[in-house]
Each structure stands twice: as C-alpha cells, then as structure tokens.
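Trainee: Please take one part of this model and go over it closely. I want the charged pairs, and then the helix that follows the loop holding one of them.

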Amino acid sequence: MLSLLLLSAGCGERDQPDDQALHQDLVNARDGVEVTFDATVLSSPVESGGHERFEVKDTTGENLEIDHNTDLATYVPLATGSQLIIHGRLYVDPGPRYGVHCTHAKTSSGCPYSGWIEFGGNYYE
C-alpha cells in the first residue's frame, strides 16, 4: 500500500531545474536535448511570427534566446529582471548561438516533449 501511495505521489511532477546539466549541454553543443533550468530575463519580450522572443541568462552565466510559441501557449507577462524556470528543447545555431523552444504543452514532430515556463508561481504552456 505504501509503495502504491509513493508511486502515485510522484506522478504528474514536473522536471526540476538542473542548471549544471544545461551548462554541460551547452559546452557540448547538444542540439535537440530536453532542458530545465533557472533563468533571469535580460530583454523585454518581442512578439514576432506567433512567438514571444526574449533573452535570458542562466545561473552559470550563459545567454540564451527563448522562442515561446504564443499560437500554442499562453503569453508570459515578463519584464527585464523576471526570474523563471524554463523547460523546453535546446537548439544550437551557427556561431554558436543558443536558444530554447518547444516551451508549450502541445507536442509535434519538431517538439516531441511537452514544455513550459514557470513565472510568478504560474505555468505558461
């Protein structure tokens, strides 16, 4: 009975931030991996092509662009300095330039995992 209770308590929990794992993924340019990390907003969001785009800095000092699809997820009311937790898919563009997309619950061939942004105690997915 206790094991069933413990098993059911673990269901539905969200991934916890792993800032060091993100750092290693960036060092190794691991394009396409699922990441969850803490971040601080560096720039006010810009709406462009159905996406809310903004820059963040993670706890290990890397800057990333966040591409949050507002056609599939709720707009996040952010301002510079906001503290977030982000769960999505890492991408590495030439340069290299790092970013995260797939921060929405609806999955697709390009976004095989459900993502989200936690801000102010609310989940935007």
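Mentor: Buried means under 20% relative accessible area, exposed over 50%, and partly exposed in between (1.4 Å probe, protein chains only). The model is predicted, so local features need pLDDT of at least 70 and side-chain atom pairs count only at pLDDT 80 or more, while totals for chains, interfaces and linings use all residues. Numbering runs from 1 along each chain as its sequence is written, and side-chain values use heavy atoms, with hydrogens and water left out.

Start with the charges. There are five salt bridges in the structure, each a side-chain nitrogen of Lys or Arg within 4 Å of a carboxyl oxygen of Asp or Glu. One of them pairs Arg-14 with Glu-125, 3.1 Å from N to O. Arg-14 sits in the loop between α1 (2-10) and α2, and Glu-125 in the segment after β8 (122-124), so this pair ties together parts 111 residues apart in sequence. Helices (H or I, at least four residues) and strands (E, at least two) are DSSP runs, numbered from the N terminus. Arg-14 is partly exposed at 26%. Glu-125 is partly exposed too, at 33%.

Another salt bridge joins Asp-67 and Arg-53, with closest N and O atoms 3.0 Å apart. Asp-67 belongs to strand β4 and Arg-53 to strand β3, so the pair ties parts 14 residues apart in sequence.

Glu-65 bridges to Arg-97, closest N and O atoms 4.0 Å apart. That pair links distant parts of the chain, Glu-65 in β4 and Arg-97 in β6, 32 residues apart. Glu-65 is buried at 19%; Arg-97 is partly exposed at 40%. Shared partners join Glu-55, Glu-65 and Arg-97 into one salt-bridge network.

Now the helix. α2 spans residues 19-27, and Asp-19, Leu-22, Asp-25 and Leu-26 are buried in it. Seen down the axis, the buried residues of α2 fall within an arc of 115° (taken from the directions from the helix axis to the C-beta atoms), so they line one face. Gln-20 and Val-27, on the other side of α2, are exposed.

What does the buried face pack against? Its residues meet β1 (34-41), β3 (51-58), β4 (63-69), β5 (83-93) and β6 (97-101), contact being heavy atoms within 4.5 Å. Just past α2, Ala-29 adopts a positive phi of about 50°.
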